[in-house]
Amino acid sequence: MQFGLNEEQEMIVSTVRSFVENEIYPHEDLVDRTGEVPEEVAEEIKRKTIELGFYACNFPEEVGGAGLSHLEFALVERELGRGSMALNHFFGRPQNILMACEGEQKERYLFPAVRGERTDALAMTEPGAGSDVRGMKCSAVRDCGDWVVNGTKHFISGADHADFIIVFVATGEDQTPRGPKKRITTFLVDRGTPGFTIRDGYKSVSHRGYKNMVLEFDDCRLPDAQVLGEVDGGFAVMNEWLYATRITVATMCVGRARRAFDYALDYAAQRHQFGQPIGKFQGIGFQIADMITEIDAADLLTLAAAERLDRGLPANREIASAKLYASEMLARVTDAAIQVHGGMGLMDDYPLERFWRDARVERIWDGTSEIQRHIISRDLLRPLGA
Amino acid sequence: MKVLVPVKRVIDYNVKVRVKADGSGVDLANVKMSMNPFDEIAVEEAIRLREAGKADEVVAVSIGVKQAQETLRTALAMGADRAILVVAADDVHTDIEPLAVAKILKAIVEEEAPGIVLCGKQAIDNDMNATGQMLSALLGWSQAAFASDLDIDGDHAVVTREVDGGLQTIKVTLPTIVTVDLRLNEPRYASLPNIMKAKKKPMDEKTPADYGVDVTPRLEIISTAEPEARAAGVIVGSVDELVEKLKEVGAV
Ligand SMILES: Cc1cc2nc3c(=O)[nH]c(=O)nc-3n(C[C@H](O)[C@H](O)[C@H](O)COP(=O)(O)OP(=O)(O)OC[C@H]3O[C@@H](n4cnc5c(N)ncnc54)[C@H](O)[C@@H]3O)c2cc1C
């Protein structure tokens, strides 16, 4: 067992860290205040990411990516996590589910996405189906050899900028001993397809400027060529590829927590009350100690889960543990960072109130904390017949 | 033409420097180290010369502890072609003095025969601002210190220098030593493909003995002290009040 990064990994971390500090931090206040990323800023981040060879670095070399390991990619995202999600969205990392593209789909979706020419988003959630993905109502039926889709998706991140969306849709129902079970198929849907509209969603307290959108399908007609993976194989596609987004959440939480921690550590050393640095009061010093301990633990848990994937080991439970722990750790760390700063922590002179707001969604999206606990406990108990 | 770029591993410019308890120097144990920022500018300039077709090879050199290979790896990831590591100390707290560094560089220059040596104007750890100038003296080459602009034109270089009160443009004959200032360029990030390639680029490892140079220190550090802490400020409400306060402390 070996801890610590090799030289390349150190350089990857330091390059992405500098990139985030120089290209993302300076725009964060504006984006948080206005809820918008200026187009020229988005373009510049994207252009520089492509120039640096980091665009789509999660994809294998044979499709034009950089071929980073899961561990290395987790390091990239950890450093990106220090910065605004709205901005680092343009440090493009297309959904690796696009690796399921077959034949000419690769030319239309996979390769342009990896080159940064077309942007994707992913849609599962509906107003009536969140944690219970299988409860989805959005459905496609066969008609004259095509598929006709009807229904609504909401909370779809990045759909405002997307050229196409990877959409999960019900395509039938099986009767099982445990009741009816929906069959699900994955579709690639281009912006502008007749019967498909993307409209503004809700205003979120977390990650302002990283918009979530509502998708409406009204007799939207799609040919078979738009099916990603197998018909009725949506769950297989999900299970094969969607682990990645949970590692993303976990590792970004670690990055953001370290940034919040840096502020807290600095303030604990600089701020004087009762004639001494507040860090000398055990009440503050011990909070600092707890923060770094939890951050390091979350970091190791997450990197270890990513490394299991690199070794081809099952990692579902480990990834769920990492996502659960890192997102809950971030909530505690951002809260403590504000406590260390006292009243100033709540003022928008510091980014801490923003980190605190942003932290809230991490326990909800990509599977709530409850769902992660469900995954972990089922993974352990099911083999024991419980 | 070959460009030689000496790079130094120094305490990272973001780190809050702490003096060791015994005053013998700055505490470097467990502290983040990086390439001297001026040297990064020199590496960038060398790569630009190569990209502009004015140079064909960029060789980075570092003299210091073994860990300086990380610094060289960074130079390679930025785009340098190969590297020479001269391991001259075991302890990160041992600083090789400018004259010893210049002597080793002289020997390397004689071996490598570069058309130009691009160095940082100074290292941010000890601010000596001496190595480039000493190297020029030892080699008997021309020098242009504090460059904010550099152009190679045939057998000479045109260098704009940042001097007190303005800019001075001079023409020096090649081969030459140029030390670079802050405004010369903005160093690039290492690109991902270059980071991955860096490991495969050659890095020679040498010792001062290979060049017949004695690196025993000639300077003795008597004491090291932190700058005095700045006293807390006050916020004044108006210009009048400001003038009043300045008068109180005898500043005007
Ligand atoms: C800002 C934002 C962006 C998003 N982006 C996307 C996106 O790009 N694409 C996408 O498809 N989705 C996206 N989502 C959706 C996100 O994944 C869902 O919000 C999440 O899965 C939870 O679903 P829900 O909000 O409907 O909550 P619900 O599922 O209704 O849950 C409500 C509460 O009940 C709990 N609960 C539910 N079931 C159980 C159970 N079995 N056991 C115990 N407790 C349970 C939940 O944990 C939660 O506390 C986004 C959400 C947000 C907020």
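I began with burial: a residue is buried if 20 or more other C-beta atoms lie within 10 Å of its own, exposed if 12 or fewer, and partly exposed in between, with C-beta atoms placed from the backbone. By that rule, buried residues make up 39% of the 252 residues in chain B.

**Entry 1. Basis of the notes**

I noted that this is a predicted model, in which local features need pLDDT of at least 70 and side-chain atom pairs count only at pLDDT 80 or more, while totals for chains, interfaces and linings use all residues. Residues are numbered from 1 along each chain as its sequence is written, and chains are lettered from A and ligands numbered from 1 in the order in which they are written.

**Entry 2. Chain B as a whole**

I looked up the secondary structure of chain B and found six helices and eleven strands. Helices (H or I, at least four residues) and strands (E, at least two) are DSSP runs, numbered from the N terminus. Along the principal axes, the C-alpha atoms of chain B fill a box of roughly 65 × 45 × 40 Å.

I then looked up contacts, where two residues are in contact if their C-beta atoms, placed from the backbone, lie within 7 Å. Of the contacts in chain B with a separation of 6 or more, 69% are between residues 24 or more positions apart.

**Entry 3. Helix α4 of chain B**

Which residues of helix α4 (residues 131-139) of chain B are buried? I listed B:Thr131, B:Gly132, B:Met134, B:Leu135 and B:Ser136. The cover over these buried residues includes α3 (98-112), β6 (116-120), β7 (142-153) and β10 (176-180) of chain B. Just after α4(B), I noted a positive phi of about 70° at B:Gly140.

**Entry 4. Where the chains touch**

I found twelve residues of chain B in contact with twelve residues of chain A. On the chain B side, α2 (68-78) and α5 (192-198) each supply at least two residues. I sorted residues by class: Ala, Val, Leu, Ile, Met, Phe, Trp, Tyr, Cys and Pro count as nonpolar, Asp, Glu, Lys and Arg as charged, and the others, Gly among them, as polar. The side of chain B that touches chain A has seven nonpolar, two polar and three charged residues.

**Entry 5. Domains of chain A**

For chain A, the domain assignment gives domain 1 (7-93), domain 2 (120-235) and domain 3 (242-384); such bounds come from an automatic or database domain assignment. Taken over C-alpha atoms, the centres of domain 1 and domain 3 of chain A are separated by 20 Å. Their contact takes twelve residues from domain 1 and 18 residues from domain 3. On the domain 1 side, the elements giving two or more residues are α1 (7-34) and α3 (70-80) of chain A. Of these, α3(A) gives the most, with seven residues. That side divides into three nonpolar, three polar and six charged residues.

**Entry 6. Helix pairs of chain A**

Two packed helices are described by the angle between their axes and the distance between the axes. Axes are lines fitted to C-alpha atoms, for helices over the stretch in contact, and angles run from 0 to 180 degrees between N-to-C directions. Angles under 35 degrees count as roughly parallel, over 145 as roughly antiparallel, 65 to 115 as roughly perpendicular and the rest as oblique. A crossing is left-handed if the near helix is turned anticlockwise from the far one by less than a right angle, and right-handed if clockwise.

I found α3(A) and α7(A) packed at about 50°, with axes 7 Å apart; they are therefore oblique to each other. Their crossing is right-handed. The contact involves residues including A:Ala74 and A:Leu80 of α3(A) and A:Ile247 and A:Val254 of α7(A).

Helices α7 (residues 243-270) and α8 (residues 282-310) of chain A pack at about 155°, their axes 9 Å apart, which makes them roughly antiparallel. I recorded a left-handed crossing for this pair. Their contact has 17 nonpolar, two polar and two charged residues.

For α9(A) and α10(A), I read an angle of about 160° and axes 9 Å apart. They are therefore roughly antiparallel to each other, and their crossing is left-handed.

**Entry 7. A:Tyr350**

Where does A:Tyr350 lie? I placed A:Tyr350 in the loop between α9 (316-341) and α10 (352-362) of chain A. A:Tyr350 counts as partly exposed because it has 17 C-beta neighbours inside 10 Å. Not counting residues up to four places away in sequence, A:Tyr350 touches A:Tyr263, A:His341, A:Met344 and A:Gly345.
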